[in-house]
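Here is a short briefing to read beside the model. Keep the sequence and the 3D view open as you go.

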Amino acid sequence: MRKVLLSTTLALMIAGCSEFPGVYKIDIPQGNVVTQEMVNQLRPGMTHSQVRYVMGTPLISDTFSEGRWDYLYSIKEGDGQRYQERVSVFFEDGRLTRLSGDFRPGVAQDQSR
């Protein structure tokens, strides 16, 4: 009887760990949410505080170069798909000079996702 009870308990525990169709899995976002609308508000000559107001606090501030901020966003959806977006903004003399990454200023947002 003891073996049957132990076997049944073990089988239920293993079944609880397996993937069943229809089980809801949550999306896991990490980093700074950056939208095309936010990037479209950036203008050359903006100060650090103006960029921070529009974009939020950067995820990474380069310790070797105070003139670069990096905004990273990653999301792993419940179905296993992973998306990552990156934007780097560059300053010279405390003013925004350029940006690089997955977004371009003045571009209409892509609704493909």
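The notes below cover confidence, layout, core and surface.

This is a predicted model, in which local features need pLDDT of at least 70, side-chain atom pairs count only at pLDDT 80 or more, and totals for chains, interfaces and linings use all residues. Residues are numbered from 1 along each chain as its sequence is written, and side-chain values use heavy atoms, with hydrogens and water left out.

**Confidence**
- The protein has a mean pLDDT of 81, and 87% of its residues reach 70 or more; pLDDT is the predictor's confidence in each residue, from 0 to 100.
- Confidence is lowest in α1, with a mean of 74, and highest in helix α3 (residues 48-55), at 93.

**Layout**
- The protein has 3 helices and 5 strands, taken as DSSP runs numbered from the N terminus (helices: H or I, at least four residues; strands: E, at least two).
- Along the sequence the order is α-β-α-α-β-β-β-β.
- Among contacts with a separation of 6 or more, 48% join residues 24 or more positions apart; a contact means heavy atoms within 4.5 Å.

**Core**
- Of the 113 residues, 25% count as buried (buried is under 20% relative accessible area, exposed over 50%, partly exposed in between, with a 1.4 Å probe and protein chains only).
- The largest nonpolar core has 16 residues, and those with the most contacts inside it are Leu42, Val51, Met55, Tyr71, Val87 and Val89.
- Two or more residues of this core come from each of α2 (36-40), α3, β3 (68-76), β4 and β5.
- Such a core is a set of buried Ala, Val, Leu, Ile, Met, Phe, Trp, Tyr and Cys residues joined through side-chain atoms within 4.5 Å.
- Leaving aside residues up to four places away in sequence, Val89 touches partners including Leu42, Val51, Tyr71 and Leu96.

**Surface and loops**
- The accessible surface comes to about 8,500 Å², of which 55% belongs to carbon and sulfur atoms; areas come from the Shrake-Rupley method with a 1.4 Å probe, and for residues only the protein chains shown count as cover.
- Tyr24 lies in the loop between α1 (2-17) and β1 (28-31), and it counts as exposed because its relative accessibility is 68%.
- Asp93 lies in the loop between β4 (82-92) and β5 (95-101) and is exposed, with a relative accessible area of 82%.
- The phi of Asp93 is near 55°, a positive value in a residue other than glycine.
- Most residues other than glycine have a negative phi.
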